[in-house]
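We will go from stop to stop, selecting as we go.

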Amino acid sequence: MTLMTVDKVSKSYRVGETDQKVLSGVDLSLQAGEFVGLVGPSGCGKTTLLNICGLIDQPDSGHVYWHDRALTGLSGVALTDLRRRTVGFVFQEFNLIPVMSARDNIAYPLMLLGLSRQEQAERVTALANAVGIGALLDKRPAHLSGGQRQRVAIARALAKRPELIIADEPTASLDEETALTVVDLLRTLSREFNTTVLVATHDIRLSRWCDRLIRLHQGRLQSESRPPIPVREERV
Amino acid sequence: MKWFLLAWSNLGRNRRRTLATLLLTAIGVTGIMATSGFALFTYDSLREFAMRDKGHVILTHPAFYQTQEDYPLHFGLDNADSLEQALRQDRRVRNTLATVEFSGLITNGDKSTIFVGEGVEPELFQVRGPSMRLDAGRLFGVTHSDTGAQALIGRSLANNLKVSVGEGLTLMSTTVDGALNAIDVTVRGIVSTGVPELDSRLVMTRITDAQRLLNSDRITRLGVYLNDSAQADAFYSSLKEQYPHLGITAWHERAFFYTSVRNLYNRIFGVMGLVILAMVGFAVFNTASMSVMERTREIGALAAMGTRRGEILRLFLMEAGLIGLLGSLVGLVLSGLLSLGLMVFEVQMPPPPGQTEGYPLQVYWSAEMALVSSAIVVVLAVLASGVATFRGVRKPIVEALNYA
């Protein structure tokens, strides 16, 4: 089942006096439950494509379909509500709320959805145990390691059982071992919850977890492949 | 509740800044409460003084306050005794006091000067309370056992005429018929009102002696004193209906000093209040601006997760509202302590312009004023925060997430 379709999407940013094209006629379709990797060199448009897929940015041209429903022209409030219900985010810098405990950070999207306290607590506990931070729920982000923070972020992204998770360089701030653990965790949980994951990364080693790997180059879709891809040690 | 707790937690992000803003707000509220409390104390004192001076309601000839008299007691009241008796039947009335105003020359035989006189009933001193200081001698007693006319005179007038208690003076004035008349009086007491100009002219006699000097049984005015000042307006209205042929004047219509001080203070303290509020507003604006700037990425993350802009804005407004509320509470406590402190430790104010007597400083703590000032400060804090955060909250999510 197709979750999202990106059809001939282009996007430019104004840099000084000139428009810089970041995406140029990109087509992409995401299937339900898929784990899709987005790779490419810096500045190739990965983050822009993620933002558009995550419904936090709008393309200049082209269309984005959500379950075959065109999102073009949808109001900001409608997009916010759609994100609130269906899209989870895992950021490179975690972006946890520093004044909240890990428990409250994970529960935050559930609060937005208006779930009861009991339901929130059940989901938070289950997810925290699943990501291995069950004992750290009362700690604030400042008292957690990078890997632990990213686990909290993953639990937060999964808490509302979204249809799509957008992960932008989720391992960039982590050491190699933690990075692999975190991606493994994300992969496992996305399978368990049948959540589509679109993950942008520089690290080609992460491709072994992907159902599909999309390579962007200069704003265009360069290739699309299915693993196993030979794991290379160098970064692209 | 979660939003409230989040807003509360956010206040602890930068404790020093929050504390500084909170303290400034508290000082602002203390300032507003202190100035308004001083103004309220002043209004209350002057209102009380004005009411005690001439009564809650003043009865005169209808033309008395409109037209200049051609001769003494031209527009005086006849049959004051029967009017007084009728008024004293009313349960709301505590007392009535008749007064005769007159003026003329006062002499010790060698030296003469002009005086401003008041013929009063002895109860006046009980009703008015401590409106003047007795420097020497005695005030008029309620029981009139003394023989001969007596007078209380102002301190400066006594100095001018070089007289002391027990010595004689002569009062000269024109009668209602236009003839010159004089009576001898003995100085019964020397008083100070605190107003030098008045002390150099003031002569008070018993009303009967004043009427004898003016050769009339009329009075200038009849002051009605009530048990409860709050009933003054209602009583005034009922008297207007009851005595349409008389001049009925409410106390505040003749309380020129009270009115002018009130108008002046309202302006001065109003401007001060605005300055204080502007300071509080700028402090909260600055804090909110800094907070939004520091939390731009977080705002982006919250928005990405599906938090509506209105909800994010509400969070910042709650934080500002909490600062305003907490600052107000601290300010109210501080102002309460100030008010109590001034009751315990007397601070003497210098004499006001044109007066010789200072007075103890007091600052009223008004619950109504506390409510109003707190509400204004909270609303102001929320508005200032709204202005500061509106743009930050509207920043595109991608831009906010990439904010360095």
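Select Val6(A) and Leu28(A). Val6(A) stands opposite Leu28(A), which belongs to strand S2 of chain A. Before going on, note that this is a predicted model: local features need pLDDT of at least 70, side-chain atom pairs count only at pLDDT 80 or more, and totals for chains, interfaces and linings use all residues. Residues are numbered from 1 along each chain as its sequence is written, while chains are lettered from A and ligands numbered from 1 in the order in which they are written.

**The sheet**

Now select residues 2–15 of chain A, strand S1. Strands (E, at least two residues) and helices (H or I, at least four) are DSSP runs, numbered from the N terminus. How many bridges join S1(A) to S2(A)? There are 10, and the two strands run antiparallel. Strands of a sheet pair through backbone hydrogen bonds, either parallel or antiparallel. Here, two strands pair if DSSP finds at least two bridges between them.

Widen the view. Four strands of chain A form an open sheet, in the order S2-S1-S4-S5, with antiparallel pairing. At the edges are S2(A) (18–31) and S5(A) (69–70), each pairing on one side only.

Angles run from 0 to 180 degrees between N-to-C directions, and axes are lines fitted to C-alpha atoms, for helices over the stretch in contact.

**Two helices side by side**

Select 146–159 and 176–193 of chain A, helices H5 and H6. Their axes come within 10 Å and cross at roughly 15°. That makes H5(A) roughly parallel to H6(A) (angles under 35 degrees count as such). Show side chains next. Ile154(A) and Leu158(A) are among the H5(A) residues that meet H6(A), whose partners include Leu185(A) and Leu189(A). Two residues are in contact if their C-beta atoms, placed from the backbone, lie within 7 Å.

**Over to chain B**

Where do the chains touch? The contact takes 15 residues from chain B and 19 from chain A. On the chain B side, H1 (2–10), H10 (296–304) and H13 (397–401) each supply at least two residues. H10(B) gives the most, with 4 residues.

Last stop: select residues 15–54 of chain B, helix H2.

Technical notes. The expected span of a helix is 1.5 Å times one less than its number of residues. Angles under 35 degrees count as roughly parallel, over 145 as roughly antiparallel, 65 to 115 as roughly perpendicular and the rest as oblique.
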